[in-house]
Amino acid sequence: MTIVRTQTPLGEAIVILPEAEFERLPELAEDSLDARSVDASEARLQAGTEELLDEADLDALRAAPSPLAFWRERRGMTANALAQAAPIRSDWLAAIERGERLADPALNGRFATILGVDAEDLMPEPAEA
């Protein structure tokens, strides 16, 4: 590939490259971001700050009444203990876990902190149309 380095009439450095290479730049940038994301994830796994779910875990997550119920049970926490830690009434927690209520963002953030997960991990999947 031929790359030409030159200057504008005002002396600004510029590079001229083939159009096909120019068109590949967004893809290369995305690949670079993906690689950094993978590296960061691997570092979190090595540090023990991120966990992976195996196929059985994913099946249990899908079968749970809500992601909140799955993560609470996975952490070995009782509903009463989570309700007290949040703090929230236990009947409200039960309704949230059954998918009858949605937690507001602040409450969802408290649940996430208590359970050691990202708040988006507790969001229920949108219902299929």
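Predicted model: local features only at pLDDT ≥ 70, side-chain atom pairs only at ≥ 80, totals over all residues.
Colleague: What does the secondary structure of the chain come to?
Modeller: The chain has six helices and two strands. Read from the N terminus, the order is β-β-α-α-α-α-α-α.

Colleague: Compact globule or more spread out?
Modeller: More spread out, because the radius of gyration is 24 Å, well over the 14 Å that the globule rule gives for 129 residues. Along the principal axes, the C-alpha atoms fill a box of roughly 70 × 35 × 30 Å.

Colleague: How much of the chain is buried?
Modeller: Buried residues are 19% of the 129. The chain exposes about 9500 Å², and 54% of that comes from carbon and sulfur atoms.

Colleague: And what share of the contacts with a separation of 6 or more is between residues 24 or more positions apart?
Modeller: Such pairs account for 32% of them.

Colleague: Switching to the strands. Do β1 and β2 pair in the parallel or antiparallel sense?
Modeller: Antiparallel, over four bridges, with β1 covering residues 4–7 and β2 covering residues 13–16.

Colleague: What's in the turn?
Modeller: Five residues lie between the two strands of the hairpin. Gly 11 is in that turn and has a positive phi of about 95 degrees.

Colleague: Now charges. How many salt bridges are in the whole structure?
Modeller: The search finds eleven. Among them is Glu 51 with Arg 74, where the closest N and O atoms are 3.0 Å apart. That pair links distant parts of the chain, with Glu 51 in the loop between α1 and α2, Arg 74 in helix α3, and 23 residues separating them.

Colleague: What about Glu 97 and Arg 72?
Modeller: Their side chains form a salt bridge at 2.5 Å, N to O. Glu 97 is in helix α5 and Arg 72 in helix α3, so this pair ties together parts 25 residues apart in sequence. Both residues are buried.

Colleague: Which residues are joined into one network by shared partners?
Modeller: Glu 51, Asp 57, Arg 74 and Arg 75.

Colleague: Last one: what does Asp 91 pair with?
Modeller: Asp 91 makes a salt bridge with Arg 89, with the closest N and O atoms 2.7 Å apart. Asp 91 is partly exposed, at 42% relative accessibility.

Technical notes: Residues numbered from 1 in each chain as written. Heavy atoms only, no water. Pairing = 2+ DSSP bridges. Salt bridge = Lys/Arg side-chain N within 4 Å of Asp/Glu carboxyl O. Buried < 20%, exposed > 50% of the residue type's maximum accessible area, 1.4 Å probe, protein only. Rg over C-alpha atoms; globule rule 2.2 N^0.38 Å. Contact = heavy atoms within 4.5 Å. Areas by Shrake-Rupley, 256 points an atom, 1.4 Å probe, with all protein chains shown as cover.
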